[in-house]
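Please look at the sequence and the structure shown here.

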Amino acid sequence: MSLFGLGSRNQKTFRPKKNAPSGSKGAKLQKHIDATLGSGNLREAVRLPPGEDMNEWLAVNVVDFFNQVNILYGTLTEFCTSLNCPTMSAGPKYEYRWADGVTIKKPIEVSAPKYVEYLMDWLEAQLDDESIFPQKLGAPFPSNFHDVVKTIFKRLFRVYAHIYHSHFQKIVSLKEEAHLNTCFKHFVLFTWEFRLIDKGELAPLCDLVESILQL
């Protein structure tokens, strides 16, 4: 079964691929990402290109990582069910509850697939909100943009943590572990470069993270 096969995807969870903001430098920056990733040097790929705006770089990478996590989780939707994964967990010590601060203000316990569905709904709403992710050239980013981006990456990390703890053997059986590991390495190097996730949040995968960063 291919990672990009459509067969097992739950269409409520798996979302159409997002494109970089069209009215910004997004397309140019996306080409830079693709070119540097193609070189195989992930540490180089995550660095802010000379002369580019930090917020533009964060925005285009949020879209890129949204797409990556979306595709990875899409391969697991027939295995990550409310029956198999009744809580959104990352091993026995870590359990995540959902709240978006708007429609769900108090954190609630939900199954892993429901958590990911809530997360993708919330993240799509952020990406589609032009007051947060402006589409027009020269439109300003909000003053709290960095905080929004940190929340996005913190929540995307939880999907990786759940996949590694609950579904890694399935990933291996699908022969997709190399792709998962490369995507996660890219994710870790990017979030570390810009200090987007507090170290405590990385605890469920601390050994893997430290091996990637070679701390």
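In helix α6, the residues L180, C183, F184, H186, F187, V188, L189, F190 and T191 are buried. The model in which they are seen is a predicted one. An α-helix has 3.6 residues a turn, so residues three or four places apart point the same way.

Helix α6 consists of 17 residues, and the distance from its first C-alpha to its last is 24 Å, close to the 24 Å expected at 1.5 Å a residue. E193 also belongs to helix α6. Just after α6, R195 adopts a positive phi of about 50°. R195 also lies over the face of W192, at 4.7 Å from the ring centre. A further arrangement of this kind involves K114, which is placed over the face of Y118 at 5.1 Å from the ring centre.

The wider chain may now be considered. It contains seven helices and two strands, and in sequence order these follow the pattern α-α-α-β-β-α-α-α-α. The chain has 215 residues, of which 51% count as buried.

Which residues form one aromatic cluster? The members are F65, F153, F157, Y160, Y164, F168, F184, F187, F190 and F194. A pair of aromatic rings is described by the distance of the centres and the angle of the planes. In the whole structure, a search finds 17 aromatic pairs. One of them is formed by F65 and F153, an edge-to-face pair with 5.6 Å centre to centre and 75° between the planes. Because F65 lies in helix α3 (residues 54–74) and F153 in helix α5 (residues 145–173), this pair ties together parts that are 88 residues apart in sequence. Both F65 and F153 are buried.

F65 also pairs with F190, and this pair is tilted, at 5.4 Å centre to centre and 50° between the planes. The pair links distant parts of the chain, since F65 is in helix α3 and F190 in helix α6 (residues 177–193), 125 residues apart. F65 has a relative accessibility of 0% and therefore counts as buried. F190 is likewise buried, its relative accessible area being 0%.

The packing of the helices themselves remains to be described. Helices α3 and α5 pack at an angle of about 20°, and their axes are 11 Å apart. Angles under 35 degrees count as roughly parallel, so α3 is roughly parallel to α5. The crossing in which α3 passes α5 is left-handed.

How do α5 and α6 run relative to each other, roughly parallel or roughly antiparallel? Their axes come within 11 Å and cross at roughly 160°. Because angles over 145 degrees count as roughly antiparallel, α5 is roughly antiparallel to α6. Here too the crossing is left-handed, with α5 passing α6.

Conventions: Residues numbered from 1 in each chain as written. Predicted model: local features only at pLDDT ≥ 70, side-chain atom pairs only at ≥ 80, totals over all residues. Heavy atoms only, no water. Phe/Tyr/Trp six-rings, centres within 6.5 Å; stacked < 30°, edge-to-face > 60°. Helix = DSSP H or I, 4+ residues; strand = E, 2+ residues; numbered from the N terminus. Buried < 20%, exposed > 50% of the residue type's maximum accessible area, 1.4 Å probe, protein only. Lys NZ or Arg CZ within 6 Å of the ring centre and 35° of its normal. Expected span 1.5 Å × (residues − 1). Axes fitted to C-alpha atoms, helices over the stretch in contact; angles between N-to-C directions. Parallel < 35°, antiparallel > 145°, perpendicular 65-115°, else oblique. Left-handed = near helix turned anticlockwise from the far one by under 90°.
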